Amino acid sequence: MLSLHALLVSTGTVTLAEIGDKTQLLALLLAARYRKPWPIALGILVATLVNHAISAWLGAELTEWLSPEVLRWVVAASFLAVAVWTLKPDTLEDEADNLPAHGAFLATTVAFFLAEIGDKTQVATVLLATRYDPLWQVIAGTTIGMLLANLPVVWLGHRFADRLPLKLARSLAAAVFLALAVWVAVRGVG
């Protein structure tokens with residue numbers, strides 16, 4: 001039977017990490033500006049697939065470049081750092097003024113791809129790819145997680161985002177990353 005463990009862990013981890021993240025706030029800004037949920041949703045999907053595929057590939061390559069013992073502690077420390085980072089609320093400083101004037105799909109694709117560079121969900125994707133196989137499940141899971149967190153914001157707008165228990169979500173995400181750090185420290189990578 002096909003194991004979907006990597007897919008499920010990746011989906012849950014990124015869904016929690018994305019709640020209150022700057023890309024979720026970006027989704028809200030895009031929805032308010034363009035009011036076209038389908039092109040925005042497709043832009044999020046395309047940007048996330050490309051960004052997370054590159055990130056997962058990098059994570060898989062790290063397992064080849066570093067010895068298992070070094071990788072174990074690098075990944076454990078990184079998960080711990082992401083756990084702490086997750087507790088800090090994100091903001092979008094003047095991002096609304098910097099959104100491209102192009103169509104909703106192109107604007108979303110470019111903005112989401114760029115916003116994900118160096119973001120905690122991108123770092124999480126790299127780290128998950130060092131820990132879990134097969135790689136397609138990590139990419140699919142992190143992409144599904146982004147969609148689960150962002151599409152309700154796109155469709156329901158500020159009414160939904162205002163009701164999210166962001167502090168609780170950040171705490172849960174931090175706990176997941178902390179658990180992953182401990183798991184990797186104890187069990188190793190692979």
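How many helices and how many strands are there in the chain? Before I answer, please keep in mind that what we are looking at is a predicted model. The chain holds nine helices and zero strands, so that, read from the N terminus on, its elements run α-α-α-α-α-α-α-α-α.

Let me turn to the chain as a whole, where 46% of the 190 residues count as buried, and where the accessible surface comes to about 9400 Å², with 70% of that surface belonging to carbon and sulfur atoms. If we take the contacts between residues at least 6 apart in sequence, 92% of them join residues that are at least 24 apart.

Now to the inside. The largest nonpolar core has 25 residues, and the members that touch the most others are Ile40, Phe112, Leu128, Tyr132 and Val138. Two or more residues of this core come from each of α1 (5-18), α2 (22-34), α3 (37-65), α6 (104-116), α7 (120-131) and α8 (135-163).

Finally, a detail of the backbone: the peptide bond leading from aspartate 133 to proline 134 is cis, with omega near -5°, and proline 134 has its place in the loop between α7 and α8.

Terms used:
Residues numbered from 1 in each chain as written. Predicted model: local features only at pLDDT ≥ 70, side-chain atom pairs only at ≥ 80, totals over all residues. Heavy atoms only, no water. Core = buried A, V, L, I, M, F, W, Y, C linked by side-chain atoms within 4.5 Å. Buried < 20%, exposed > 50% of the residue type's maximum accessible area, 1.4 Å probe, protein only. Helix = DSSP H or I, 4+ residues; strand = E, 2+ residues; numbered from the N terminus. Contact = heavy atoms within 4.5 Å. Areas by Shrake-Rupley, 256 points an atom, 1.4 Å probe, with all protein chains shown as cover.
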